[in-house]
Amino acid sequence: MNAYSDIPNVTKTTEMAQETTLLNPRFYTTDFDEMDAIDVTPVRGEWDRLIAQMRSDPNKKHFKKTEAWDEIDFDALDPKLRVELIDFLVSSLTAEFSGCVLYKEMKRRGSNPDICELFKYMSRDEARHAGFINDALKEAGIGVNLGFLTKTKKYTYFKPKFIYYATYLSEKIGYARYITIFRHLEKHPENRFHPIFKWFEEWCNDEFSHGEAFALLMRTDPKLTSGRNVWWIRFFLVAVYATMFVRDHARPAFHEALGIDIEEYDQKVFRTTSEIARQIFPIELDIDHPKWLPLLRRMNAIFIEAEAAVKAGGVGGWFRHKWAMARAGVTFLQLYFLPVKRNTVPESSHMVPAY
Ligand SMILES: [Fe+2]
Ligand SMILES: [Fe+2]
């Protein structure tokens, strides 16, 4: 038990991380043999450079609490903010740990030295990220039971190519989210209500490198980013962006405390992610299209209705929830079929984190 009546205990935070909904971060499994068979020869030069950088482990000492970690008094936080901060931490932790579990499994099952070495470094990084967030939760007496989570969370199977699209995007959008918050708080340190944000700059460089690795993996086979697969890339772009929009809007107090306008922030993160993704994706979503934001707002309103319907329960609630999900599907299709921008992918995907 912890001292606060309005926030969850360890069991509850572990349950929060365990939950499988459309919007929560998931755990993935895939065809590890197919991934193990990747031959990185076509990108050997860039591959070796990236692996050398990961091997040098620039963030080895970063994920430790130093004197910069000011003690945070969870009790003193506004109750709404407290709940949303915990939700943010638990969902970030789940996403980080999801990467850790998937990468570690690939490393464990593989026999291809290139692939195993990459996944070893990536799981090392994600374990540190997850551990660091969990330390912050433990400070409030509500750390997530990660061993239990590994065993009990539902795993979603994705074909390797879907893992590449989804994971590439989540690494790059993760980078964009962390760096945007970090840069904002550099200008407004008075809004930094939790010390963890101070760690985001070096942290997001890890995510950036992980994204670089997935870009290289996709470049080993040009089919992955051409032809019919471009429709899949488009699907993942819309799904990842729309999910982020709805999830962020569920945390109004959190963003208000940071002094961040959610819509502006999300658009900024989408813009950064889209710019980066030009390194590998032949299309990008037109986030300035006049229908883009209105459709996202509608999607968000539908999810709020859906949640209210679930809470209301009963037959009426069940029907209202189904109806909301049907409309969410239609809105998704409308977003999906908004015109996209074509992009000529450069010869080399190499990029540095410059935001
Ligand atoms: Fe991470
Ligand atoms: Fe990562």
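Predicted model: local features only at pLDDT ≥ 70, side-chain atom pairs only at ≥ 80, totals over all residues.
Local features need pLDDT of at least 70 and side-chain atom pairs count only at pLDDT 80 or more, while totals for chains, interfaces and linings use all residues. Residues are numbered from 1 along each chain as its sequence is written, with chains lettered from A and ligands numbered from 1 in the order in which they are written.

Helices here are DSSP runs of H or I, at least four residues, numbered from the N terminus.

**H7.** I checked burial next (buried means 20 or more other C-beta atoms within 10 Å of a residue's own, with C-beta atoms placed from the backbone). In H7, 20 of the 28 residues are buried, so this helix is largely enclosed by the rest of the structure.

**Tyr241.** Leaving out residues up to four places away in sequence, I find Tyr241 touching Phe270 and Leu285. Contact means C-beta atoms, placed from the backbone, within 7 Å.

**H13.** For helix H13 (residues 314-336), I list Ala324, Ala328, Thr331 and Leu335 as the buried residues. They pack against helix H9 (229-249) and helix H12 (292-312).

How values were computed:
Contact = placed C-beta atoms within 7 Å. Helix = DSSP H or I, 4+ residues; strand = E, 2+ residues; numbered from the N terminus. Expected span 1.5 Å × (residues − 1). Buried ≥ 20, exposed ≤ 12 C-beta atoms within 10 Å, placed from the backbone.
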